[in-house]
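Here is a short tour of one protein model. Look at the sequence and the structure first, then read on.

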Amino acid sequence: MVNGRDAEAVSAAAQRVPGAVGQPGSPADPTVADALIDRCAREFGSIDILVNCAGTAEPVGSSILNVTTEQFRDLMDAHLGTAFQTCRAAAPRMADQGSGVIVNTSSFAFLGDYGGTGYPAGKGAVTSLTLAIAAELKEYGVRANVVCPGAKTRLSTGPEYEAHIAELNRRGLLDEISTQGALDAAPPEYVAPTYGYLVSDLAKDITGQIFIAAGGFVGRFDRQTPSIVAYRGHHDEPPWTIDEIAAQLTR
């Protein structure tokens with residue numbers, strides 16, 4: 001099944017994949033997501049693999065200083081809404097059959113280094129959602145992982161994009177290496193094999209992980225773990241004072 005909001009792009013993509021079926025529409029709409037998964041099950045007998053790779057660019061110059069509520073909601077809908085709705089529709093079927101693979105697309109932007117609001121927030125939410133799905137569905141034999149890709153696409157091409165990257169570099173949000181990588185990204189063919197690996201049986205023991213596929217390298221984000229700076233028992237000691245916390249955290 002090939003899905004996207006642009007009907008012409010969906011049709012063109014489906015024609016390039018033998019046996020593929022195209023169905024346009026935004027899966028952020030729950031009725032579209034349900035119809036997409038239902039049709040997959042009818043056409044192919046089951047839903048075994050779900051790959052979410054959806055996104056839309058942050059408005060030029062957007063930041064917490066000027067983003068509108070409507071813009072933020074649209075960005076969250078495009079990134080988080082599509083992933084949530086398709087996962088919601090597919091997960092029960094995968095759990096019932098005792099197998100399935102989900103790969104959701106996040107971005108380096110979830111670290112906040114690329115500025116903006118809705119884009120990094122949406123990608124960060126996709127990352128956390130996927131980790132939660134992986135934990136919930138592990139007992140059912142269903143895997144879920146995240147890929148943060150770096151590739152030249154419609155979102156990363158053109159003068160507006162180049163100006164945006166240059167401005168992030170000027171503001172100190174992107175270093176020189178990251179700036180050059182963003183402006184000279186490899187084509188999507190360098191990213192696709194990582195998705196192919198994660199949905200294959202070669203990755204049958206991998207779930208709940210965050211991968212990087214960008215240009216010539218494949219990487220992985222370490223899972224964040226808390227580090228204890230100081231400890232005080234609440235049964236026999238008073239709460240920390242603000243000055244004590246400051247002293248502990250500024251050592």
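Gly22 sits in the loop that links helix H1 (7–16) and helix H2 (30–44). Helices (H or I, at least four residues) and strands (E, at least two) are DSSP runs, numbered from the N terminus. Gly22 has 30% relative accessibility, so Gly22 counts as partly exposed. Here buried means under 20% relative accessible area, exposed over 50%, and partly exposed in between (1.4 Å probe, protein chains only). Gly22 and Gly118 are 96 residues apart along the chain, and their C-alpha atoms are separated by 28 Å.

The model is predicted: local features need pLDDT of at least 70, side-chain atom pairs count only at pLDDT 80 or more, and totals for chains, interfaces and linings use all residues. Residues are numbered from 1 along each chain as its sequence is written, and side-chain values use heavy atoms, with hydrogens and water left out.

Next, the empty spaces. Rolling a probe the size of a water molecule over the atoms shows where empty space is left. On a 1 Å grid over the protein atoms alone, a cavity is a set of points where a 1.4 Å probe fits but cannot get out. A pocket is an open set with protein on both sides within 12 Å along at least five of seven lines, and lining residues have an atom within 4 Å of a point. Grid points are joined across faces, edges and corners, and a volume is the space filled by probe spheres set on the points.

| Space | Volume |
|---|---|
| Second largest pocket | about 210 Å³ |
| Largest cavity | about 40 Å³ |

How many cavities of 30 Å³ or more does a search of the whole structure find? The search finds 1. Among the residues lining the largest cavity are Asn52, His79, Asn104 and Lys123. Helix H3 (69–97) gives the most to this lining, with 3 residues. Strand S2 (100–105) and H4 each supply at least two. By class, the lining has 4 nonpolar, 5 polar and 1 charged residues.

The second largest pocket is lined by residues including Phe110, Thr127, Ile210 and Arg223. The largest share of its lining, 4 residues, comes from helix H4 (residues 118–137). By class, this lining has 5 nonpolar, 4 polar and 2 charged residues. Ala, Val, Leu, Ile, Met, Phe, Trp, Tyr, Cys and Pro count as nonpolar, Asp, Glu, Lys and Arg as charged, and the others, Gly among them, as polar.

Last, Ile245. This residue belongs to helix H8 (residues 242–249). Ile245 is partly exposed, at 39% relative accessible area.
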